[in-house]
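Hi everyone, thanks for coming.

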Amino acid sequence: MLYTPPSNWPAEPQPHPDCTRCDALAQQRADAYRHGDLSAVSDANVLLRHHLRERHS
């Protein structure tokens, strides 16, 4: 079953192009979705948002 967050939740962060760390975190999130581990999905989103703020803003 594919999980869809409620429409009032903030959009998931998107990886910055050509960044291996962003790609790794996005893959971690995709793997978590695939395994139905929504806690790990949330963790990956937090890590990706933090990385984006620190390296790409």
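How many salt bridges does the structure hold? The structure holds two, where a salt bridge is a side-chain nitrogen of Lys or Arg within 4 Å of a carboxyl oxygen of Asp or Glu. Before we visit them, please keep in mind that this is a predicted model, where local features need pLDDT of at least 70, side-chain atom pairs count only at pLDDT 80 or more, and totals for chains, interfaces and linings use all residues. Residues are numbered from 1 along each chain as its sequence is written, and side-chain values use heavy atoms, with hydrogens and water left out.

Start with E12 and R29, whose closest N and O atoms are 3.8 Å apart. E12 lies in the segment before helix 1 (20–34) and R29 in helix 1, so this pair ties together parts that are 17 residues apart in sequence. Helices here are DSSP runs (H or I, at least four residues), numbered from the N terminus. R29 is buried at 8% relative accessible area, while E12 is partly exposed at 25%; buried means under 20%, exposed over 50%, and partly exposed in between, with a 1.4 Å probe and protein chains only.

The other pair is D31 with R34, at 2.3 Å from N to O. Both residues lie in helix 1, three residues apart, about one turn of the helix. D31 is partly exposed at 28%, and R34 is exposed at 57%.

Conventions:
Helix = DSSP H or I, 4+ residues; strand = E, 2+ residues; numbered from the N terminus.
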